[in-house]
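Let's take a friendly look at how the pieces of this structure pack together. Have the sequence and the model open as you read.

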Amino acid sequence: EVTVTGTSFSVGTSSTGVAVEVETGTVKVSKEGKLLAGLEAGQRARIAPSGTTTKGTVTPDEVAAWRDHRIVVYQATIRDVVEQIGRYLPAAIVFRDGEIADRLVTGVIDLNRPEEALRSVVDMQKGKVTNITPYLVVISSR
């Protein structure tokens, strides 16, 4: 549950939780009536399914970067980043092993060329992308 008061912000969901970033104004993030985070402009929170909350900072112009066809990630798992890139691809993406899926990456990712973005992110962590068909992609460790 997110309560806003005259603000601009971004909410992203993934299999590992929810991320809230504030560009302007203030936001309160709650779960089942319990306040998890109070955020102001330039702050972010990542909330795991368990309710564990990690707060950090974000440059306000990086909030909702998807408007400019990019995503900005800080210490995000490859699994979360691949999930976001996968929204721009026609293929199902699966991990052959969990080792690479849990590695952390930081960077700015250009979504104008999602296939290149996927390969770059995986390659940074010494992984391999294999196109089985145009509709199935497998990611594995090298």
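## Ser-30 and its strand

A strand here is a DSSP run of E with at least two residues, and strands are numbered from the N terminus. Ser-30 sits in one of these, strand β2, which covers residues 17–31. Please keep in mind that this is a predicted model.

Is Ser-30 buried or exposed? Its relative accessible area is 14%, and because buried means under 20%, Ser-30 counts as buried. Beyond residues up to four places away in sequence, Ser-30 touches Glu-1, Leu-35 and Leu-36.

## Two helices side by side

Now turn to helix α1 (residues 78–86) and helix α3 (residues 114–124), whose axes come within 10 Å and cross at roughly 175°. Angles over 145 degrees count as roughly antiparallel, so α1 is roughly antiparallel to α3.

From α1, the residues Ile-78, Val-81, Val-82 and Ile-85 meet Pro-114, Ala-117, Leu-118 and Val-121 of α3. The contact of α1 with α3 consists of 8 nonpolar residues, with no polar and no charged ones.

## The nonpolar cores

The largest nonpolar core has 20 residues, and those touching the most other members are Val-81, Ile-85, Ile-109, Leu-118, Val-121 and Ile-139. Two or more residues each come from β6 (70–77), α1, β8 (104–110), α3 and β10 (136–141).

Terms used:
Residues are numbered from 1 along each chain as its sequence is written. This is a predicted model: local features need pLDDT of at least 70, side-chain atom pairs count only at pLDDT 80 or more; totals for chains, interfaces and linings use all residues. Side-chain values use heavy atoms; hydrogens and water are left out. Axes are lines fitted to C-alpha atoms, for helices over the stretch in contact, and angles run from 0 to 180 degrees between N-to-C directions. Helices (H or I, at least four residues) and strands (E, at least two) are DSSP runs, numbered from the N terminus. Angles under 35 degrees count as roughly parallel, over 145 as roughly antiparallel, 65 to 115 as roughly perpendicular and the rest as oblique. Contact means heavy atoms within 4.5 Å. Ala, Val, Leu, Ile, Met, Phe, Trp, Tyr, Cys and Pro count as nonpolar, Asp, Glu, Lys and Arg as charged, and the others, Gly among them, as polar. A nonpolar core is a set of buried Ala, Val, Leu, Ile, Met, Phe, Trp, Tyr and Cys residues joined through side-chain atoms within 4.5 Å. Buried means under 20% relative accessible area, exposed over 50%, partly exposed in between (1.4 Å probe, protein chains only).
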